[in-house]
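We will go from stop to stop together.

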Amino acid sequence: MQPETAFARISDETLTASDPPHLYPDYVGTRLRAPKDPLVLLPASLSELTGPVYGDTRLSETDADLTRQHTGEPLGERITVSGRVLGSDGKPLRGQLVEIWQANAAGRYRHEVDTHDAPLDPNFSGGGRCLTDGDGRYRFVTVLPGAYPWGNHPNAWRPKHIHFSLFGRAFPERLVTQMYFPGDPLFPFDPIFNSVRDEGAQQRMIATFELERTQPDWALGFRFDVVLGGREATPLEPEHDD
Amino acid sequence: MTELGLTPSQTVGPYLRIGLFGGPISNRLLDESDPRAIRVSGVLLDGAGEPVTDGMVEIWQANAAGRYAHPADDRTEIELEDGFTGFGRSSTEDSGSFEFVTVKPGRVPWPDGRLQAPHLLVGVFARGLLKRAATRMYFPDEEAANAEDPVLLGLEPVERAMLIAYGNGSLRFDIVLQGDRPTIFFAA
């Protein structure tokens, strides 16, 4: 029996020029996990025009300050990471839940799967969350994560990064990404960073160091803006203005 | 209008639990003692048929009456339920298994006004997935609604079958990233 109505099927690589492909063989983990069939392109129904709303979530100050989650302070360079969460139309996204996680200053995650021979820091868990304000702004206090080795290929090292999770205005805008630090010498060797093929898009994953955000005698300031939008190849619905 | 470039997706990696669990989001969308509570579980499988033990599955759904807890669903004649966000998140760290306690959603409209069968939107994240894989789950005890669902009608029968959970009471829904009979994934 043939389907009554057939939807367009598209290669995942044509979804957006910004995103990496599902299958990027240099990143070995994709080989057995990347979906290989073309994706089914659905029109946006109410299911796709909606998504979770977390604006009223109660969070504590230490949720956004990873240096104050224990009795003592973690070792490493104290930094702030702040910026705005925006729609692709430039509008600030308010009340957005932003979740982050990272390695400690020595390049070790507080996770039993991480067996890297670098010390854990009893004063650093590495997880944080906050909500964006009325202008779409968020801010975290943390320490600069270390680079660390991984098993992808001989002498493989991940550039310093912080994982970011965001929701956007509707389910299709959900994004998990990684924020990198400017000038990292490991960029040319990292298949995860290079899975993003477009150079302009690569730059959008790299934070900017800003002296204006740097607090004298206290912490270096990095800016990282995140832009969220539908990942569809072609808009199928008229623009909503709400 | 100038469109800003989107921030690219990157993998969640294997350490997602540090940032994504223990916060406001869990796999219990409503209290287990609620008489309407249903359990949905399954296994996330890779192309070798092995369970993915470091991933995460998220779901998004309407409430039992068929309304999404989001301002774009302005059908105020259908009531929202206090405390029901419609969103849940389960790790697959327990042998590749994920599990949700939730409620069967009501039917929501398709853009042309037809009704969709009750369904969950499902998002899959894991080490080795550079971006989310998105699919849908349908309910086995909704044969009539499934038979007229605009999404299911647009798929091949074998693809359709992969999207319908099975089991009585406690539902089972496996997600196959690669293989002879992979789960069908959607662009939206």
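In which loop of chain B is Ser95(B) found? Select Ser95(B) and you land between strand E3 (87–91) and strand E4 (97–102) of chain B; helices (H or I, at least four residues) and strands (E, at least two) are DSSP runs, numbered from the N terminus. Before going on, a word on what is loaded: this is a predicted model, in which local features need pLDDT of at least 70 and side-chain atom pairs count only at pLDDT 80 or more, while totals for chains, interfaces and linings use all residues. Residues are numbered from 1 along each chain as its sequence is written, with chains lettered from A and ligands numbered from 1 in the order in which they are written.

**Stop 1: loops with something to show**

Stay on Ser95(B) and check its backbone: phi is near 55°, a positive value in a residue other than glycine. Most residues other than glycine have a negative phi. Ser95(B) counts as exposed, with 9 C-beta neighbours inside 10 Å. Here a residue is buried if 20 or more other C-beta atoms lie within 10 Å of its own, exposed if 12 or fewer, and partly exposed in between, with C-beta atoms placed from the backbone.

Now select Asn155(A), which also is not a glycine and has a positive phi, of about 60°. Asn155(A) lies in the loop that runs between strand E7 (148–150) and strand E8 (156–158) of chain A. Is Asn155(A) buried or exposed? Asn155(A) is exposed, since 7 other C-beta atoms are within 10 Å.

Go back to chain B and pick Asp112(B), in the loop between E4 and E5. Asp112(B) has 8 C-beta neighbours inside 10 Å and so counts as exposed.

**Stop 2: chain A as a whole**

You will find three helices and 13 strands. Along its principal axes the C-alpha trace spans about 65 × 45 × 30 Å. Of the 242 residues in chain A, 44% are buried.

**Stop 3: the strands of chain A**

Select E5, E4, E9 and E10 of chain A. In that order they form an open sheet of four strands with antiparallel pairing; two strands pair if DSSP finds at least two bridges between them. Strand E5 (127–131) and strand E10 (175–180) stand at the edges with a single partner strand each, so one side of each has no neighbour in the sheet. From one strand to the next, the twist averages 25°.

Zoom in on strand E4 (residues 97–102) of chain A, which pairs with E5(A) over five bridges in the antiparallel sense. There you can see Glu99(A) opposite Arg129(A).

Next, select strand E3 (residues 78–87) of chain A together with E6(A): seven bridges join the two, which run antiparallel. Arg84(A) stands opposite Arg137(A) in E6(A). Strand E6 (residues 137–143) of chain A is largely enclosed by the rest of the structure, because five of its seven residues are buried.

**Stop 4: the core**

Which residues touch the most other members of the largest nonpolar core? Select Val85(A), Val98(A), Leu166(A), Leu228(A), Val122(B) and Val124(B), out of 101 residues in this core. Strand E5 (residues 119–126) of chain B gives the most to the core, with six residues. A nonpolar core is a set of buried Ala, Val, Leu, Ile, Met, Phe, Trp, Tyr and Cys residues joined through C-beta atoms within 7 Å.

Center on Val98(A). Beyond its neighbours within four places in sequence, Val98(A) is in contact with residues including Val85(A), Tyr138(A), Phe164(A) and Leu166(A); contact means that the C-beta atoms, placed from the backbone, lie within 7 Å.

**Stop 5: where the chains meet**

Bring both chains back. How many residues of chain B are in contact with chain A? The count is 67 residues of chain B, against 79 residues of chain A. On the chain B side, helix H1 (17–20), E5 and helix H3 (150–153) are the elements that give two or more residues.

Methods
Contact = placed C-beta atoms within 7 Å. Axes fitted to C-alpha atoms, helices over the stretch in contact; angles between N-to-C directions.
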